[in-house]
Amino acid sequence: MLEGKARVEDTDMPARMQAAATSAASRALDLFDVADCRAIAGHIKAASPPSLSCEFDKRYGVGWQCVVGANFGCFFTHTSGTFIYFSLERLSFLLFKAAAAATAS
C-alpha cells in the first residue's frame with residue numbers, strides 16, 4: 001500500500017464514498033505502473049478482475065467516469081453527490097457519475 005495520503009481538492013461526495021474513491025486509487029497504484037493512467041482509471045471505474053471491491057459502476061451503479069493524469073483539464077456535468085477531485089502521489093484523480101442527459105421537449 002502506498003504511504004502517501006490522498007489530498008482531496010474538491011468534492012460533493014459523502015465521506016464514505018470519498019474514502020472508497022481514495023482507497024480504490026491507492027489500490028490501483030499498487031497494481032499498475034504509475035505511467036499507465038488508463039489502466040488506473042479503468043480499475044477505479046470497473047475493477048478488473050470483477051471480484052475486487054473497488055469498482056464504482058458495480059458498487060454505486062453504472063455511469064461513472066474516471067480521469068487520471070498529471071496534467072489535464074476538463075468540463076463536465078455530474079450527478080449531485082458523486083464528484084471528487086483529489087491527488088495521490090504525483091497524479092490527479094477525477095471521479096464522477098455522469099448526469100443524465102436532458103431531453104428536449
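User: Is A25 buried or exposed?
Analyst: A25 is buried, because its relative accessible area is 0%; buried means under 20% relative accessible area, exposed over 50%, and partly exposed in between, with a 1.4 Å probe and protein chains only. Please note that this is a predicted model, in which local features need pLDDT of at least 70 and side-chain atom pairs count only at pLDDT 80 or more, while totals for chains, interfaces and linings use all residues. Residues are numbered from 1 along each chain as its sequence is written, and side-chain values use heavy atoms, with hydrogens and water left out.

User: Where is A25 found, and what is A25 in contact with?
Analyst: A25 is part of helix α1, residues 15-31. Helices here are DSSP runs of H or I with at least four residues, strands are runs of E with at least two, and both are numbered from the N terminus. Leaving aside neighbours within four places in sequence, A25 contacts I44, F86, L88 and F93, where contact means heavy atoms within 4.5 Å. The C-alpha atoms of A25 and F86 are separated by 9.8 Å, although the two are 61 residues apart along the chain.

User: Which other residues in α1 are buried?
Analyst: Besides A25, the buried residues of α1 are M17, Q18, A20, A21, T22, A24, S26, A28 and L29. The buried residues of α1 pack against β1 (7-11), α2, α3, β2, β3 and β4.

User: How far does α1 reach?
Analyst: α1 has 17 residues and reaches 24 Å from its first C-alpha to its last, close to the 24 Å expected at 1.5 Å a residue. The expected span is 1.5 Å times one less than the number of residues.

User: Turning to the core, which residues touch the most other members?
Analyst: In the largest nonpolar core, which has 22 residues, these are I40, I44, F56, V68, F93 and L95. Such a core is a set of buried Ala, Val, Leu, Ile, Met, Phe, Trp, Tyr and Cys residues joined through side-chain atoms within 4.5 Å. At least two residues each come from α1, α2 (37-45), β2 (64-69), β3 (84-88) and β4 (91-97). α1 gives the most, with seven residues.

User: What does L95 touch?
Analyst: Not counting residues up to four places away in sequence, L95 touches M13, A21, I44, F56, W64, Q65, C66, T82, F83 and I84.

User: And which residues of α2 are buried?
Analyst: In α2 they are C37, A39, I40, A41, H43 and I44. Their cover includes α1, α3 (56-60), β2 and β4.

User: New topic: how many salt bridges are there?
Analyst: A search of the whole structure finds two, a salt bridge being a side-chain nitrogen of Lys or Arg within 4 Å of a carboxyl oxygen of Asp or Glu. K45 pairs with D57, with the closest N and O atoms 2.6 Å apart. K45 lies in helix α2 and D57 in helix α3, so this pair ties together parts that are 12 residues apart in sequence. K45 is partly exposed at 26% relative accessibility, whereas D57 counts as buried at 16%.

User: What about the salt bridge of E9?
Analyst: E9 pairs with R7, and the closest N and O atoms are 2.8 Å apart. E9 is partly exposed at 41% relative accessibility, while R7 is exposed at 53%.
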